[in-house]
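The sequence and the structure come first.

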Amino acid sequence: MTRAGALIGCIADDFTGATDIASTLVRAGMKTVQTIGIPDADDPMIADAEAIVVALKSRTIAAEKAVAQSLTALDSLRSAGCQQIVFKYCSTFDSTEKGNIGPVAEALAKALGQEVTIAAPSFPANGRTVYNGHLFVGHTLLNESGMQHHPLTPMKDANLVRVLQAQSKGTVGLIDLSTVLKGAEQIRAGIGKAKADGATLLIVDAISEADLTVIGQACRDHVLITGGSGIALGLPDNFRASTELSAADAAVLPAVAGKDVVLAGSGSLRTNLQVARWIEAERPAYRIDVMKLAAGEPVVEEAVAFFDAHADQTVLIYATIPADELRQVQVAIGVQKAGEMVEHALGRIAQFLKNWGVRRFVVAGGETSGAVVQALDVKGLRIGAPIAPGVPATVSTGSVPLALALKSGNFGEADFFEKALLALSGGRS
C-alpha cells in the first residue's frame, strides 16, 4: 500500500534530542527530516519524508509555553499526515524545576483523544535504563550520576513515577520489567489494567534495546507515545506490514566541502572530558570567559580572530568549564543570564565563521546547538548515519548546505570531536 504523507511525527524538546531520535528512525530504515521549529505542511523538504522530527527549544522554558509550542507542532505534523506522534524528551528525564514533561504529555494526549500514555525514557546505548521505575545512568542512580549538579535541569530524584506524578494532573503508574519481558501482548494487557485502575501516564521499565523494541510493538495502536529516542526502535516495523517504505538507504547524505570548527557550550561532565582531550592533544582552543562577556569585553571578536590566526587547523571555541567554576560564574551573574550569554556569543561566532567559509560545525550542548542552528538560519536537516549513539551526521537544507553534528552534552566518548569531524568530512582525515 502506498502511503499518503509521513508516518511518524516527533516533537522534541531540544535540538540535540531531535537529532537523537531522528538518528534512531534512520537506523530503523525510515527517511527522516528534522525541522528547526514548526514546519510548514507544504514545505517541499518534508514531502518525501517517512518521519518528521520537529525540534523545539522548550525543555527549559515555562510549562505553559512548552505546552503551547508542542500543540502547534502537533497541528503541523497532523497536517503533514503523520499517523503516530512521539513526544521526545531527554533520557535523563530532565526539564524545568517544576517540570514540563507531564504537562506537555497530558496536553498532547488530550488533543489526540488518548486516555493512557506511556513514558519510556530508557536509552541503553548511552547507559540510561529504567528498572522498577528508577532511572539509572550506567550502574548509578540518576540523582547520583552528576545530573544532580546540572546547571539548568538538576535531577535529584531517580524515582520517575514520583517525578512525573509531581508534574501531572492525572495518576502515574508503572509497567515493570517483569511485564515487559513477557512480550508485547502482556505489555498491552498491563497498560489496559493500569488504565482500568485510573492511570493516565505510565512509566515503562526497559534495560535493553530489545525491551524498547517490544514496547514499541506493544504500542502500535497508540497515536501518542512519549519517551527518549530509544522508544523509536520498535515503531517503524509497525508500519512495514501495511505500508510501503522506501527501499533507499535512509542514511545517505550529500558531501559538504569547506572549513570546519568545534563549538562547545555544555557544562556536562562528558563535554568537559572531550574539551580536555582536545587541549591535551595541543590542538588550538579558545576559551570564552563568561565574566569578560558580562563585562562587555569583545570576546566574540577575539574568538573569531583566534580562528583566523589558526586558519590551517581545526579550532575548538568553548565555554565549557568544570562544575565548581561554573557555579562561581552562576552565583556572580545568575544561572539563566550566564547560559543565555554563552548561547548568544557562540551563535554570533557561528554566523561570523559561516561568512568566512566554515561549512562543517561540531556543536556540544543541547541549548548551544539550538542557539547555533538558529543563528545559522538553518530551517531543516537531513539525517544521516550515527557518529555516536544518539548523535547522527546531518546536512542542512537550503541553498548553502552545512554539515552539522549536534551533540547533547553528556553524549559521546572522549574522542567524539575527532570522530565527528572525520564523519562530517566524509571520512577524510
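Which residues line the second largest cavity? They are Asp14, Thr16, Gly17, Asp20, Arg59, Lys88, Cys90, Ser91, Gly390, Ser408 and Phe411. The model is a predicted one, in which local features need pLDDT of at least 70 and side-chain atom pairs count only at pLDDT 80 or more, while totals for chains, interfaces and linings use all residues. Residues are numbered from 1 along each chain as its sequence is written, and side-chain values use heavy atoms, with hydrogens and water left out.

**Domains and their interface**

The chain is assigned domain 1 (8-241) and domain 2 (259-425); such bounds come from an automatic or database domain assignment. The C-alpha centres of domain 1 and domain 2 are 27 Å apart. To the contact (heavy atoms within 4.5 Å), domain 1 contributes 27 residues and domain 2 contributes 32 residues. About 2300 Å² is buried between domain 1 and domain 2, and carbon and sulfur atoms give 63% of this area. Buried area here is the accessible area (1.4 Å probe) that two parts lose on being put together, summed over both. On the domain 1 side, Thr16, Ile36 and Lys57 lose the most area to domain 2, together 24% of what that side buries.

Two salt bridges are found by the rule across the interface of domain 1 and domain 2. The rule asks for a side-chain nitrogen of Lys or Arg within 4 Å of a carboxyl oxygen of Asp or Glu. Lys57 and Glu367 form a salt bridge, with 3.0 Å between the closest N and O atoms.

**Terms for the spaces**

Pockets and cavities are found on a 1 Å grid over the protein atoms alone: a cavity is a set of points where a 1.4 Å probe fits but cannot get out, and a pocket is an open set with protein on both sides within 12 Å along at least five of seven lines; lining residues have an atom within 4 Å of a point. Points are joined across faces, edges and corners, and a volume is the space filled by probe spheres set on the points. Helices (H or I, at least four residues) and strands (E, at least two) are DSSP runs numbered from the N terminus. In the residue classes, Ala, Val, Leu, Ile, Met, Phe, Trp, Tyr, Cys and Pro are nonpolar, Asp, Glu, Lys and Arg are charged, and the others, Gly among them, are polar.

| Space | Volume | Lining by class |
|---|---|---|
| Largest pocket | about 840 Å³ | 13 nonpolar, ten polar, nine charged |
| Second largest pocket | about 650 Å³ | twelve nonpolar, twelve polar, four charged |
| Largest cavity | about 540 Å³ | 13 nonpolar, 18 polar, six charged |
| Second largest cavity | about 60 Å³ | two nonpolar, five polar, four charged |

The largest pocket has a volume of about 840 Å³. It is lined by 32 residues, and Thr60, Ser95, Thr96, Leu152 and Thr153 are the closest to its centre. Two or more lining residues come from each of helix H4 (160-167), helix H13 (335-355) and helix H14 (366-375). H13 has the largest share of this lining, five residues. The largest pocket lies between domain 1 and domain 2, because both give residues to its lining.

Around the second largest pocket there are 28 lining residues, and Gly146, Met147, Ser268, Leu269 and Asn410 lie nearest its centre. Helix H9 (269-280) and helix H12 (323-333) are the elements that give two or more residues to this lining. H12 gives the most, five residues. The second largest pocket also has residues of both domains in its lining, so it lies between them.

**Cavities**

The structure has two cavities of 30 Å³ or more. The largest cavity holds about 540 Å³ of space. Its lining takes in 37 residues, of which His150, Pro151, Leu152, Ser266 and Gly267 are the closest to its centre. H12, H13 and H14 each give two or more residues to the lining of the largest cavity, and the largest share, five residues, is from H13. Domain 1 and domain 2 both give residues to this lining, so the largest cavity lies between them.

In the second largest cavity, helix H1 (residues 15-27) provides the largest share of the lining, three residues. The second largest cavity lies between domain 1 and domain 2, because both give residues to its lining.
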